[in-house]
Amino acid sequence: MAKYSKKLVDQICSLIKKDCYTIAELCSLSGITRETYYAWLKAHPDFSDAVTRAREDYDHLVVKEAKNSLMKKIRGYTIQETRTVMVDAGKPGPDGKPLPKVKERTVIEKHIQPDIQAIIFTLTNKAPEEYKIRQTTEVTGKDGKDLIPDRPMTLKEAKEFVEKLNREM
């Protein structure tokens, strides 16, 4: 079993904050076994607390990055594409091959339009009462009357209704 040290704890926590490593990967990168990792979690409350804080820091980082990416998709953004055309310079290089020379360099700015799905996602989650993705179907009876009456039919009304149906058939 590896010797517990603050340096090793800091290394493990640094890995946790940096990326989403599995426990097996953390142990492999830190030079300890999984059994040692779990034993340290039980035996050293400071290790357990440090690991928990590191995971929370990583989770906050992921949420922050996701929000930034979502805002970028909502607003749209501009990127630069560079295209370079090379030609033979006519001079040999140290290895005997001809050296390339830049003939033309073109920089193009492209605007990426806002993403409609990202906008819909944000609106339906941030303002659900105003922006709903729901379809409602209203069914009414003849001439817009209710299909189900507000009060139950009397026996007399029910007999009249049955007679009316029989006449229509």
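These notebook entries record what I looked up in a predicted model.

**Entry 1: the strands**

I began with strand β1 (residues 77-92) and strand β2 (residues 98-112). I found that they run antiparallel and are joined by 13 bridges. I then looked up proline 92, whose bridge partner in β2 is proline 98. The hairpin of β1 and β2 has five residues between the strands, and I noted that glycine 96 takes a positive phi near 90° there.

**Entry 2: two helices**

I next examined helix α3 (residues 34-43) and helix α4 (residues 45-75), which pack at an angle of about 105° with their axes 5 Å apart. Angles of 65 to 115 degrees count as roughly perpendicular, so α3 is roughly perpendicular to α4. From α3, the contact is made by Tyr37, Trp40, Leu41 and Ala43; from α4, by Pro45, Phe47, Ser48, Val51 and Arg55. I sorted the residues of this contact by class and recorded seven nonpolar, one polar and one charged.

**Entry 3: the largest pocket**

I looked up the largest pocket and recorded a volume of about 560 Å³. Its lining has 15 residues, and Lys145, Asp146, Met153, Phe161 and Lys164 lie nearest its centre. By class, I noted five nonpolar, one polar and nine charged residues in this lining.

**Entry 4: the second largest pocket**

For the second largest pocket I recorded a volume of about 190 Å³. Its lining residues are Val63, Ala66, Lys67, Leu70, Met71, Phe121, Thr122, Asn125 and Lys126. The elements that give two or more residues to this lining are α4 and α5 (116-126). Which element gives the most to the lining of the second largest pocket? I found that α4 does, with five residues. The lining of the second largest pocket divides into five nonpolar, two polar and two charged residues.

Technical notes
Residues are numbered from 1 along each chain as its sequence is written. This is a predicted model: local features need pLDDT of at least 70, side-chain atom pairs count only at pLDDT 80 or more; totals for chains, interfaces and linings use all residues. Side-chain values use heavy atoms; hydrogens and water are left out. Two strands pair if DSSP finds at least two bridges between them. Helices (H or I, at least four residues) and strands (E, at least two) are DSSP runs, numbered from the N terminus. Axes are lines fitted to C-alpha atoms, for helices over the stretch in contact, and angles run from 0 to 180 degrees between N-to-C directions. Angles under 35 degrees count as roughly parallel, over 145 as roughly antiparallel, 65 to 115 as roughly perpendicular and the rest as oblique. Contact means heavy atoms within 4.5 Å. Ala, Val, Leu, Ile, Met, Phe, Trp, Tyr, Cys and Pro count as nonpolar, Asp, Glu, Lys and Arg as charged, and the others, Gly among them, as polar. On a 1 Å grid over the protein atoms alone, a cavity is a set of points where a 1.4 Å probe fits but cannot get out, and a pocket is an open set with protein on both sides within 12 Å along at least five of seven lines; lining residues have an atom within 4 Å of a point. Grid points are joined across faces, edges and corners, and a volume is the space filled by probe spheres set on the points.
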